[in-house]
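Here's a quick briefing to read alongside the picture. Take a look at the fold below, and then we'll walk through a few of its strands and helices.

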Amino acid sequence: MTTVRMGGGTGRILVAGGYGAVGAGVSRTLAQWFPGRVVPGGRDGARARRLGGVRLDVGDPDHFRSVLDELKDVAAVVLCVEPGDAAVARLCLERGVHVVDIGATPRLLGAVEDLQPLAAAAGAAAVLSVGVAPGLTNLLAHRAHEAVGGAERLDLTVLLGSGEHHGADAVRWVVAGLGEPAPAPACRAVLPGYGKRTVHPFPFSDQYTLRRTLGVPQAATRLCLDSRTMTGALFALRRTGLLRGGRRPGLRRLLTGAFGRVRVGGDGFAVRVDAYRGDRHAVRALVGRGQSRATGLMAAYTARELLTGRVPAGVHHIEQLPALAGLPERLAAHGGAVQPVTGAAR
């Protein structure tokens, strides 16, 4: 098995979106482990430079290439904002630069998966599905899958805090998801600390990638917010079809702005995964506070594993890497960022 290169052990870590809701936590945590090596980047050049970083636009591959050329010694890039395609990942991997991607769009993650031969040849690694959903959902799914001896079906349920400040990209992504057709029916689920909730299908990437990485025939991810009122309003809007197919861009912008400003609810979140095989049923669950903070910690720990050489070269989803299997427990040590739940209600 080829092992990732270490960038000489001194290479810098470029954090795209390094001053945002997630990226600020990534930059801060990595700076504690790798002093002087973290470079936050973002489209607001003045803001990035105040933090010792650089202007960086993942939507402009030529500009991104010039930044890599200028910095010269980048060992890893953490993508806390979602590019429009796989061009940025390709630019990194072909240079032997490792990639951590917190994105949740199936199409984009699939395009990075296709770079597996390039990454392996360059001795670089990309780790995908890093965050809460996908991310913690994937790790719990792997545990539940093994508990039943190979699941035939996975039900993943995510509750997010509607009172937390989410980054603009995350809000836009949620609004875009409301414009996609529901891939499965809504249902009722018990979430630890929140009771029984109506949860709605949502296009998180985990339900698609887990079918490949774990070989599970059926998987579906459903979502609700801690505010029942907000959950009902958002999914009632989806049922109208007004957001479908890119229609009503003005309505999308209005909803994105409102969702980014409204603070109804708290900052807690919960994840539950049910695995089924015949009459066997296993549940794995966790709760936490601060989805953005938890995502940032997931990305920082993943980058550290890459930089210390514990991840094989190639493109991987987080549940495929034994070195990252214990992340829920590691995050539990960070002031309640995540707490695994035993004996989850069925």
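Let's start with helix 1: its buried residues pack against strand 1 (12-16), strand 2 (38-42), strand 4 and helix 12 (291-307). Keep in mind that this is a predicted model.

**Helix 1**
- Helix 1 covers residues 23-33, and its buried residues are G23, G25, V26, S27, T29 and L30.
- Two of the partners of those buried residues, strand 1 and strand 4, also pair with each other, in the parallel sense, over 5 bridges.

**Strand 4 and its partners**
- How many residues of strand 4 are buried? The count is 6 of its 6 residues, so strand 4 is mostly covered.
- If you look for A16, you'll find that its bridge partner in strand 4 is L79.
- L79 also has a bridge partner in strand 5, namely D101.
- Strand 4 (residues 74-79) pairs with strand 5 in the parallel sense, and there are 4 bridges between them.
- V77 joins in here too, with V99 as its bridge partner in strand 5.
- To get from strand 4 to strand 5, the chain passes through helix 4 (residues 87-94), making a right-handed β-α-β crossover.

**Strand 5, covered on both faces**
- Which residues of strand 5 (residues 98-101) sit on which side? H98 and V100 are on one side, while V99 and D101 are on the other.
- All of these residues are buried, and both faces of strand 5 are covered.
- Strand 5 also pairs with strand 6 (residues 125-128), again in the parallel sense, over 2 bridges.
- Within that pairing, V100 stands opposite V127 in strand 6.

**Cysteines**
- Is C80 buried or exposed? C80 has 12% relative accessibility, and because the cut-off for buried is under 20%, it counts as buried.
- C224 is at 1% relative accessibility, so C224 counts as buried by that cut-off as well.
- How many disulfides turn up in a search of the whole structure? The search finds 0.

Note on methods
Residues numbered from 1 in each chain as written. Predicted model: local features only at pLDDT ≥ 70, side-chain atom pairs only at ≥ 80, totals over all residues. Heavy atoms only, no water. Disulfide = S-S within 2.5 Å. Buried < 20%, exposed > 50% of the residue type's maximum accessible area, 1.4 Å probe, protein only. Pairing = 2+ DSSP bridges. Right-handed = clockwise from strand over helix to strand, strands pointing away. Contact = heavy atoms within 4.5 Å.
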